[in-house]
Every structure is written in structure tokens, then in C-alpha cells.
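Colleague: I'm new to this one. Can you walk me through it?
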Amino acid sequence: MGGIVLATASRAPAPADDVQRLRAQLDRMQGRRLDAPVLPVIHPLADLLPGGGLKPGAAYSLPRSTSLLLALMAQASQDGSWCGVVGMPRLGAEAAEAMGVDLSRLVLIPDPGARWLAVTATIADVLPVVAVRPSGRAPDGEVARLAARLRDRGAVLLVQGPWPQTEAVLELGEQAWSGIGRGHGYLQERRITVTSASRRWPTPRRARVLLPDASGAVDTAPAHLTRVESTAQPAFEQAAPPVPVFEPADGQAGEQRVEWSRAG
């Protein structure tokens, strides 16, 4: 009967040799190396992930942001990894390509129905990166079996929503669009704060990124981002505030034109 035993005679830290033996035992029990090479992600997001990339066999919890999801998959797909997306019918190929995802290595399963978890597990058997938007609660036993399958296959799971035992939890914070002119204009860039919490870090990490930037991709946000907008407005314009700026529809790419009418 096997097990992990680390005997120490005092409260002093365990010797380095004992730590290495414990690490090796964990590697064997989990079926993967704890320091296994990660799948690459684009530079602005790398510092938000333990190890600087997507860890084979691990799951990540994400917000319902198509832009962030595609940004995380982009570099891996460009480097040859196939990616699957389950349960996101509004995710468009044009948006994926604009964010840098290689469409020749992208598999979309828009509507898996009530068996979304079984479909996700099946896709994880053959594709190294799988993204899913759950359509219902997953039983604990099924989640545990999926986790074991991910470790065995070395697949990465990106979940839009809460998920147990994740490698990291990413969230989006304050955001601001730029590119709006007086009375009309285009949404060009969105500056947003991305926060990452992980059991491997004592405190959450934060990064300011452009998601998307003017080209539709992702980049590091400058320290100061100036809105393309005049602050001096005639009195009749001040009396009629513009329509609120909103994020482009989920899965749609390209510029969004914003126009408003003047009062009077």
C-alpha cells in the first residue's frame, strides 16, 4: 500500500532532498510533472498564469469574455495546438482570426445540449486545449473524472464560469474604450484590468491590457490612454448625453460605430 510519508523530528523546514522526493512522488501519483512545459500564451497575459502559460492537465476559470478566451488560445494554436470550443454558439470565426487564433486548428461545437460535459470530456481526449461554457451544474463525480482525464491526456480546460480546483481564476475589472469623436466615432481600443488568483501565489496579480487594441488583437496597455474626444461641447450638446458605450457583441469582430443625435 503506497503513500506519502515525510517524517521530520522538529518544526524546522524539510531538507531539500525530502522536498524533491515528495515532489517526485506527487508527479507519479498525478500522472504528470508539476513543472511540465506549458503551452504558450501571448506576452501581455503570460505573467498572469503560473509558469507563464497554460499548464497541461490543468483547468482555468474565466469570465464570460470571448476576447479573453480567444487571446489565451491564440499563441497555442499558432504554435500547432488544436483548440476546441464547446457551447458558445455566438463565437465567430472572424473574431477568432482577428484575435490571432489559427482557424485551421479550431473546432467549434456550438450547441452540445444537455450532454455538454460528456462532449467536453470526449474533445479533451483528442485536443490539447478545450474551452467550454457550462449550460448547467456539473456533478462532482463527473468533474473529478474529467479532471483525471485532463491529467492523463495533458489537455488544458478553459471554463467560462466557476470551476473547482483550478490552476488560476481570471477576472476582468475596470475598463475604458477609446476612439470616440465628437458626435460620432469608432470604438478602437479597450483598456481593461485583468486579475489572476492562484493557489500558487500569496496575492492576486493584475495587468492592464488592451483587449482588443486598434488592430483587434491584444497588447499591453500604456500607462496613460487618451480618449479621442473633445471636452468642449456646445450647450445644446451637453443637454443631451450620448448613448452609453457598450462592448461589441460576444463573438463579433471589427469596429463598432457609435452615433448620437443632438437635442433641439
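Modeller: Here is a short tour, from the overall fold down to single residues. Keep in mind that this is a predicted model.

Colleague: Good. How many helices and strands does the protein have?
Modeller: Seven helices and twelve strands.

Colleague: And how much of the protein counts as buried?
Modeller: There are 264 residues, and 43% of them count as buried.

Colleague: What about contacts between residues at least 6 apart in sequence: what share join residues at least 24 apart?
Modeller: That share is 63%.

Colleague: Let's look at some strands. How do β4 and β5 run, parallel or antiparallel?
Modeller: They run parallel. β4 covers residues 83-86 and β5 covers residues 106-109, with four bridges between them.

Colleague: Which residue of β5 is opposite V85?
Modeller: L108.

Colleague: What does the chain pass through on its way from β4 to β5?
Modeller: Helix α4, residues 93-98. The β-α-β crossover made this way is right-handed.

Colleague: On to α5. Which of its residues are buried?
Modeller: W116, L117, T120, A121, I123 and A124. The helix itself spans residues 116-124.

Colleague: Where does P139 sit?
Modeller: In the loop between β6 and α6. P139 is partly exposed, because its relative accessibility is 42%. From P139 to L117 the C-alpha distance is 9.6 Å, and the two are 22 residues apart along the chain.

Colleague: Switching to charges. How many salt bridges are there in the whole structure?
Modeller: Eight. In general, side chains of opposite charge can pair when their charged atoms come close.

Colleague: Which residue does R153 pair with at 3.1 Å?
Modeller: D125, going by the closest N and O atoms. This pair links distant parts of the chain, 28 residues apart. R153 is in helix α6, while D125 is in the loop between α5 and β6.

Colleague: Is D125 buried, partly exposed or exposed, and why?
Modeller: Partly exposed, because its relative accessible area is 28%.

Colleague: What else does R153 bridge to, at 4.0 Å?
Modeller: D152. That residue is exposed, because its relative accessible area is 60%.

Colleague: Which residues are linked in a network of salt bridges there?
Modeller: D125, R149, D152 and R153.

Colleague: And what does R105 pair with?
Modeller: R105 makes a salt bridge with D102, 2.5 Å from N to O. R105 is partly exposed, because its relative accessibility is 24%. D102 is partly exposed too, at 22%.

Colleague: Which residues does S81 contact, beyond its sequence neighbours within four places?
Modeller: R105 is one of them. S81 lies in the loop between α3 and β4, and it counts as buried because its relative accessible area is 14%. S81 and D102 are 21 residues apart along the chain, with 9.3 Å between their C-alpha atoms.

Colleague: Another serine, then. Where is S65?
Modeller: In the loop between β3 and α3. S65 is buried, because its relative accessibility is 4%. Leaving out residues up to four places away in sequence, S65 touches Q160, L172 and R190.

Colleague: Last one, T193. Which strand is it in?
Modeller: β9, which spans residues 184-197. T193 counts as buried, because its relative accessibility is 9%.

Colleague: What does its side chain join in a polar contact?
Modeller: The side chain of R208, at 2.4 Å.

Colleague: And which residues does T193 contact beyond four places in sequence?
Modeller: E171, L172, G173 and E174 are among them.

Definitions and conventions. Residues numbered from 1 in each chain as written. Predicted model: local features only at pLDDT ≥ 70, side-chain atom pairs only at ≥ 80, totals over all residues. Heavy atoms only, no water. Pairing = 2+ DSSP bridges. Helix = DSSP H or I, 4+ residues; strand = E, 2+ residues; numbered from the N terminus. Right-handed = clockwise from strand over helix to strand, strands pointing away. Buried < 20%, exposed > 50% of the residue type's maximum accessible area, 1.4 Å probe, protein only. Polar contact = N/O pair within 3.5 Å; in protein donor to acceptor, adjacent residues only side chain to side chain. Contact = heavy atoms within 4.5 Å. Salt bridge = Lys/Arg side-chain N within 4 Å of Asp/Glu carboxyl O.
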